[in-house]
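Hello,

Here is the structure I promised to hand over. Please open it alongside this email; my notes follow below.

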Amino acid sequence: MKITNPWLFSILYLAFSPFSSSKISIAAQDKITSSTSLSFNDTLISPRSTFELGFFTLGNSTYLGIWYRRITIQTVVWVANRDTPLSKLTGILRIDGGNLILSDGTTVIWSTNLSKTAVAQPIAKLLDSGNLVLSEEGDINSESFLWQSFDYPSDTLLPGMKLGWNLKAGLNRFLTSWKNDDDPSSGDYNYKMDRNGLAQLLLRFQSQLKYRSGPWNGLRFSGVPDLKPNSVYGFNCESTPDEVYYTYEVLDMSLISRLVLNRTGHIERYTWDLKSNDSIWKLYWWAPKDPCDEYSKCGPYGICNVNSSPVCGCVKGFEPKTPEEWSLGVTSAGCVRKAQLECSGDGFLNLTEMKLPNSLQAFVSSSMSLEECRIECLNSCSCVAYASADIAKGSGCIRWDGDLIDLKQFSYGGQDLYIRIPASEPGHCAYLAFTLVEKVLHIL
């Protein structure tokens, strides 16, 4: 049964959780060395007993995974051998040749596959963050870990994990859904950081783009207006020459929080209240959540607004490309201009509370002011729109040369988008007056 309502899914998720699997570990230890190993009935415990690494079974398959240790519902957050399960009730995790190796006693099932050899004695430990790390003994610097599970997520993003790119290492960290509730192997959905233009998160079904967060605007992703400072968790998106990633941290230490990509293609944030008597994961946020979250719902230059009926409309100065289909609710062809741009004398239409268009092929400059961005766009006949790249600082420039795709308008929390319109378009007078004043001042 395919569950499309995330609230219904969360209820069934708790009742029929895939993590209600057989937890078969018995003996606990705090590290693995070259002279020790983790056997089928053992577990590795983080220092404060927050997380546990061990073997669990689903159906006839056995996996090595990490789960929360202090909560009553076994919730697996990482699986080492998700695509290569053990077929029998046996398994050994050991360090060999500087690598962590999982075998069934004879055949290697999974490995960290490192080419770099540790200089000192390598050890494996499970941190209280849920990160399984392989490091040289005595080395506590996270920057020099030989390997860490945080670099290879399954379907869950934990606090402190980075969703995105380490460009120096050529590493892309992303989420992949489980195949189904009884099978943690790689499913059809993935959630990745797009580093082209401004950073944004993209949800795909296989290779088909289904949802995007909108570009990061200095405060939040422009397509997620309810992503704002709160008492539960803090968040940030970093974009440097070396890294592009999203991360978050829990601010209320009485809460546990996780972000998961479920098998139905929903990104969901859950919280668990350690102070409450309710032993349950509570759904805090999810996406996609409305028809306008569907990627390119209204096509190029079409604006989606859930408060309108129908939800799709054209940008002012545009009309449906295929009117008959549009009248039937088939809006994917989008809209086209009623009058073509003239380049010289063009102006801009200010759309407010917007999710910015897809920035895959957008030009971005962090040093420009918004006014410099306007002039730059105006001087380029191919530029069709511009906006502020960083509304937190009130600076930066992002401009588009191609079709504007996946436009959404909110009641609150969006940002200004300036779309180029010809001089003949009504509403252009304010821009002309402003331009004339500019020219007079320049002459004076």
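I'll begin with a sheet. It is open and has four strands, in the order β16-β15-β22-β21, with antiparallel pairing. Its edge strands are β16 (171-173) and β21 (233-239), and each of these pairs on one side only. From one strand to the next, the twist averages 20 degrees. Bear in mind that this is a predicted model.

Now look inside that sheet. Strand β15 covers residues 163-166, and strand β22 covers residues 243-250. The two run antiparallel, and four bridges join them. For a landmark, find Trp165: it stands opposite Val244 in β22.

Next, a charged residue. Arg269 sits in strand β24, which spans residues 267-273. Is Arg269 buried or exposed? Arg269 is buried, yet it has no salt bridge. The nearest side chain of opposite charge belongs to Asp226, and that is 10 Å away. A salt bridge would need a side-chain nitrogen within 4 Å of a carboxyl oxygen. Arg269 does have a polar contact: its side chain is joined to that of Tyr246 at 3.4 Å.

Last, a helix. Helix α3 runs over residues 370-378. Which of its residues are buried? They are Cys373, Arg374, Cys377 and Leu378. Viewed down the axis of α3, these buried residues fall within an arc of 130 degrees, so they line one face of the helix.

That is the handover. Send me any questions once you have looked through it.

Best wishes

Key
Residues are numbered from 1 along each chain as its sequence is written. This is a predicted model: local features need pLDDT of at least 70, side-chain atom pairs count only at pLDDT 80 or more; totals for chains, interfaces and linings use all residues. Side-chain values use heavy atoms; hydrogens and water are left out. Two strands pair if DSSP finds at least two bridges between them. Axes are lines fitted to C-alpha atoms, for helices over the stretch in contact, and angles run from 0 to 180 degrees between N-to-C directions. Buried means under 20% relative accessible area, exposed over 50%, partly exposed in between (1.4 Å probe, protein chains only). The arc is that of the directions from the helix axis to the C-beta atoms. Lys and Arg count as positive and Asp and Glu as negative; His and the chain ends are not counted. A polar contact is a pair of N or O atoms within 3.5 Å; within protein, one must be able to donate a hydrogen and the other to accept it, and residues adjacent in sequence count only if both atoms are side-chain atoms.
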